[in-house]
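I opened the model to look up its disulfides and one of its sheets. My notes are below, in the order I made them.

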Amino acid sequence: DNSVWVGNRGCENILSNCDAANPIHGNAAHLDADGNLICRADVTGSGVAVRAVTIDQDGNAWLGSWGAGHIYKYSGSDVDNTNPDGWPRCVQLLDVDLEGSHAYGAAVDGNGYLWISTLGSGQLKKINTVNGQIVMSVNPGLNTYGIAIDQNNNAWYGNWSGGTTGVVRVNGATGAVNQFGRSVGDTGAGQTRGVAVDQDGNIWVAEWTHQTVSKYAPDGTHVAQYAVAGLGVNASGPLGMAIDFDNNIWAINYSSGHASKYSAAGNLLNVFSVGSAPYTYSDMTGYQLRTITLKHGTWTIDFDSGYDDAQWDTVEWNGIMGADDEIRVRARTAATQGALFSATWSPHHDADPAVPPPWTASIAAEVPRGRWLQVEVTLTTDDEVSPAFTGLKVYWQR
């Protein structure tokens, strides 16, 4: 729904001036798409309050209190407006004691299990997001920083121990731990931080010590190493990694205040100034949430009628889907193609798996007349086999 959860670690000004036990400073805020407060979650802690934040398959937030050694599940939709101070409160659904561990980062896999990184403060945990039960504890033998989940539901971590520069994989089914380093002859010891998995299953890791990022194949083979500086910009200090929806790779450089953008082949496309000390090592684009946690994808196309006052009548689409799949469409119109971006969408229309395709939806009463139509097709699955979208037609008249 494009809302945002922000974890506040409890430092009003600087890291040496923290009051994490005070819910004014240590908390999480749920904001709508325009930045308005939906609710506040009073997650506090001693020293540091919220660090780990992620979203599960039902749109609920998981907020880890570093100081308390707990992680909490909060409703993504329910709000308590009865608090006497006037601030709406987010509704807590579960309280999970991490049994001596502290959540530094978190991610939810495609089977609905929450994984945490701990920075060496306790064992890694795999948690059932339905009931909060800890189903696996893993001692990786080193300090783990950033976290990402691959398409096979394995957890990948940055290695903060300072040994071989590389990445760590925990097998999602067995808990087996493997550490992968760079090729012989490359610079050796160093720390890695953020991790991300691209659409081809390659693993990207921020090499904090070396001002570089590395790409690993899905089996852990080191593919290549790339500098974060270039194009006339002296970027340094890579901390966060993320994938965008065009399968470009982003490295967020804390030390220099830059974001470096790469193609999936590792070509440096651009370097952007983003302000002082950007500190993020999470799924900052939402790519992992949409593709791994939710198994969700979209395809969008624009149609030009050629006439200013076209009436758009019906959308017809084809595909193959199982009982647990969704193939849904929605549409919006505008006078120009550029204006489509800010136009209002129609309601979603869902394909019925009990009805053979093609599926049709009438949109004439839902979108105004206009020269341009944009249709978005969304595919979602709870299964290992994806639904298939195979064709789209729109019907209109002058």
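These entries cover the disulfides and then the sheet.

**Entry 1: the model.** I note at the start that this is a predicted model.

**Entry 2: disulfides, overview.** I asked how many disulfides the structure holds. I found two. Counting the bonded cysteines along the chain, I get the pattern 1-2, 3-4.

**Entry 3: Cys11 and Cys18.** I looked up the disulfide that joins Cys11 to Cys18, and its S to S distance is 2.0 Å. The torsion about the S-S bond of Cys11 and Cys18 is about 85°, so I logged this disulfide as right-handed. I then checked accessibility for both cysteines. Cys11 has 21% relative accessibility and counts as partly exposed, because the buried class ends under 20%. Cys18 is also partly exposed, and its relative accessible area is 31%.

**Entry 4: Cys39 and Cys90.** I went on to the disulfide formed by Cys39 and Cys90, where the sulfur atoms lie 2.1 Å apart. I read 100° about the S-S bond here, and the link of Cys39 and Cys90 is right-handed. Which parts of the chain does this pair link? The parts are distant: Cys39 sits in strand E3 (residues 37-41) and Cys90 in strand E7 (residues 89-97), 51 residues apart.

Entry 5: I turned to an open sheet of four strands and wrote down its order as E12-E13-E14-E15, with antiparallel pairing. Why is one side of E12 and of E15 left without a neighbour in the sheet? Strand E12 (144-149) and strand E15 (177-181) stand at the edges, and each has a single partner strand, so one side of each has no neighbour there.

**Entry 6: E12 with E13.** I followed the pairing of E12 and strand E13 (residues 155-159), which is antiparallel and runs over four bridges. I took Ile149, and its bridge partner in E13 is Ala155.

Conventions: Residues are numbered from 1 along each chain as its sequence is written. This is a predicted model: local features need pLDDT of at least 70, side-chain atom pairs count only at pLDDT 80 or more; totals for chains, interfaces and linings use all residues. Side-chain values use heavy atoms; hydrogens and water are left out. Two strands pair if DSSP finds at least two bridges between them. Helices (H or I, at least four residues) and strands (E, at least two) are DSSP runs, numbered from the N terminus. A disulfide is a pair of cysteine sulfur atoms within 2.5 Å. Buried means under 20% relative accessible area, exposed over 50%, partly exposed in between (1.4 Å probe, protein chains only).
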